[in-house]
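Q: I'd like to learn how to read a few local features in a model. Can we go through them together?

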Amino acid sequence: TTTSLEAYQYYFAGGEAAYRMYNPEAIDNLEKAVAIDSTFVEAYSALARQYYTIGDNTMALKIIDKTKTIATNYGKGTEETLVGILALEAYIKQDWDLAINYYKRLISLNPENISAHLDLGTVYYQKKRMYDEGISEFKKILELDPQGVTSSSSFAYNLLGWTYLRKEEWKKALGAFNKYVALLPNQAYPLDVLAEINLVVGDYDQAITNLQRSLEIKPDYPVTSALLGDVNLAKGMY
């Protein structure tokens, strides 16, 4: 929904930062995208999601309201786009049943909508504790993109790992997290995720190794430092 290449470049950079869990960087890029094109619907939606991620629901919903207005008044949205906005609004409002209905509608409109499968799977596993349903959605993403080309596909391995972890299926969880790291070998967050399961199963030395690799990639990443503190506490290295 933009004709500005510059705005799209900032939007793309914001999306990549979001999947790396670099939230301030994502917000900065997305803010620049909408500053260049004030009717860029997808960029506003992504920005709302980032504010929700950092816990600012008020700002997230304010942006969603603006996004709905733009999509309606400027004719910027297909039915799929509009339903996506409503799904995200329900997600931010934590109306999980309504969100599920909207995501199912999105998938009925476009069965290859990887983002809709990702969000639906997340609601199932994280919010409704419907682990098998979540796993089913994540596996559909991997069927749609078996090479892990899109950021959503690589992130699906992360979510699969967490779902298996909640089911206490440690081997499957570790396999999913290792695949996540293999697809994104030079990013900090996947290594942090792998270190977290190392911590859970008591492999503290491997956790420290992964976290040290993560800090080499992004020395100022607070998630890594917090995890490293947790591992050292678990080892008794106060």
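A: Let's start with contacts, meaning heavy atoms within 4.5 Å. Leaving aside neighbours within four places in sequence, T122 is in contact with Y91, K127, F138 and L159. This is a predicted model, where local features need pLDDT of at least 70, side-chain atom pairs count only at pLDDT 80 or more, and totals for chains, interfaces and linings use all residues. Residues are numbered from 1 along each chain as its sequence is written, and side-chain values use heavy atoms, with hydrogens and water left out.

Q: Where is T122 found, and is T122 buried or exposed?

A: Helices are DSSP runs (H or I, at least four residues), numbered from the N terminus; T122 is in helix 7, residues 114-127. T122 has 9% relative accessibility, so T122 counts as buried.

Q: Which backbone oxygen lies 2.8 Å from a polar atom of the T122 side chain?

A: That's the backbone oxygen of L118.

Q: What about phi: which value does Q94 have, and where is Q94 found?

A: Look for positive values in residues other than glycine: phi of Q94 is near 60°. Q94 is in the loop between helix 5 (79-92) and helix 6 (96-109), and is partly exposed at 44% relative accessibility.

Q: And what is phi of E168?

A: Phi of E168 is near 60°, again positive in a residue other than glycine. E168 is in the loop between helix 9 (151-166) and helix 10 (170-183), and counts as exposed at 55% relative accessibility.

Definitions and conventions: Helix = DSSP H or I, 4+ residues; strand = E, 2+ residues; numbered from the N terminus. Buried < 20%, exposed > 50% of the residue type's maximum accessible area, 1.4 Å probe, protein only. Polar contact = N/O pair within 3.5 Å; in protein donor to acceptor, adjacent residues only side chain to side chain.
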